[in-house]
Amino acid sequence: MAKKGYKWRVHRILMKDPVLTASLPETRWLEQGTLLSMLDRHGSVIVKPSGGTGGYGIIQIRQTGPGKYEIHHGTRRQGIGRKGLYSRVRSMTRHRSLYLVQKRIPLATVRGRPIDIRVMVQRRRNTPWEVTGYLAKVAGKGHVVTNVARSKGYVLTVPQVIRLSDVRGASTDAVIRKLRNFSLRAARRLGGVVVGFDMGVDKNGEIWMIEANPRPALSLFRKLKDPSMYRKIVSYPRPY
């Protein structure tokens with residue numbers, strides 16, 4: 001089967017831009033050799049479907065000692081040795097050729113729960129791209145994924161989450177500026193009229209792209225107390 005999937009295509013397109021590459025974690029197709037070599041290099045990785053959405057199918061794997069690993073899927077954790085690791089991971093995946101392995105981003109946290117930030121970038125026909133909304137997602141207790149519905153997490157504004165989190169290396173304004181600059185530049189590379197970027201922020205305030213979605217759900221923005229972002233987002237055309 002040909003190796004396809006939107007997330008892989010996005011990664012390859014953005015890797016051609018030397019300005020964007022600093023915010024792109026190493027990403028490979030899931031194979032036994034790439035899984036083990038990336039664990040050797042990084043100590044912790046994420047396995048995820050190349051075409052999936054909604055936080056489905058995401059598995060975290062980290063090295064806990066020489067030849068020892070922990071698989072974290074949903075709220076379940078399992079210890080396993082190096083020899084059986086790849087077979088076990090494959091037994092947990094669907095559409096086998098469509099999975100990626102990615103360096104795990106050391107996400108900032110709120111009360112021990114990982115966070116990421118959704119950035120909405122949109123444009124009308126023949127007009128420049130514009131960032132129309134930001135919000136932060138906080139994972140549910142015990143979950144790796146920040147998808148609010150899947151992990152039973154919650155949303156905050158970006159200033160709220162930076163203030164409550166363990167980010168210590170940058171101000172809120174600096175983080176938002178980095179998110180805006182990356183998202184606008186990446187959207188110009190990808191094309192279309194709407195992209196929802198899920199961006200990680202580490203404890204030093206550095207940003208990382210987790211993934212980009214050409215059909216982002218808008219319902220999260222309705223959870224914010226201030227409805228102005230949601231109203232602005234839905235005023236733009238959407239091809240879905």
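This is a predicted model: local features need pLDDT of at least 70, side-chain atom pairs count only at pLDDT 80 or more; totals for chains, interfaces and linings use all residues.
Local features need pLDDT of at least 70 and side-chain atom pairs count only at pLDDT 80 or more, while totals for chains, interfaces and linings use all residues. Residues are numbered from 1 along each chain as its sequence is written, and side-chain values use heavy atoms, with hydrogens and water left out.

**Domains**

The protein chain is divided into domain 1 (26–103) and domain 2 (109–235); such bounds come from an automatic or database domain assignment. Between the C-alpha centres of domain 1 and domain 2 the distance is 25 Å.

**Cavity and pocket**

On a 1 Å grid over the protein atoms alone, a cavity is a set of points where a 1.4 Å probe fits but cannot get out, and a pocket is an open set with protein on both sides within 12 Å along at least five of seven lines; lining residues have an atom within 4 Å of a point. Grid points are joined across faces, edges and corners, and a volume is the space filled by probe spheres set on the points.

The count comes to one cavity of 30 Å³ or more. Of the 13 residues that line the largest cavity, Lys7, His11, Gln102, Met209 and Ile210 are the closest to its centre. Two or more lining residues come from each of helix H1 (6–14), strand E6 (99–103) and strand E12 (207–213). Helices (H or I, at least four residues) and strands (E, at least two) are DSSP runs, numbered from the N terminus. E12 gives the most to this lining, with four residues. Domain 1 and domain 2 each supply at least three residues to the lining of the largest cavity.

The second largest pocket is lined by Val155, Leu156, Thr157, Gln160, Lys223, Leu224, Lys225 and Asp226. In the table, Ala, Val, Leu, Ile, Met, Phe, Trp, Tyr, Cys and Pro count as nonpolar, Asp, Glu, Lys and Arg as charged, and the others, Gly among them, as polar.

| Space | Volume | Lining by class |
|---|---|---|
| Largest cavity | about 100 Å³ | seven nonpolar, three polar, three charged residues |
| Second largest pocket | about 150 Å³ | three nonpolar, two polar, three charged residues |

**Helices H1 and H6**

The axes of H1 and helix H6 (residues 172–190) come within 10 Å and cross at roughly 105 degrees. Axes are lines fitted to C-alpha atoms, for helices over the stretch in contact, and angles run from 0 to 180 degrees between N-to-C directions. H1 and H6 are therefore roughly perpendicular to each other, a term for angles of 65 to 115 degrees.

In this contact (heavy atoms within 4.5 Å), Tyr6, Val10, Ile13 and Leu14 in H1 meet Ala186, Arg189 and Leu190 in H6. The contact residues divide into six nonpolar, no polar and one charged.

Methods. Angles under 35 degrees count as roughly parallel, over 145 as roughly antiparallel, 65 to 115 as roughly perpendicular and the rest as oblique.
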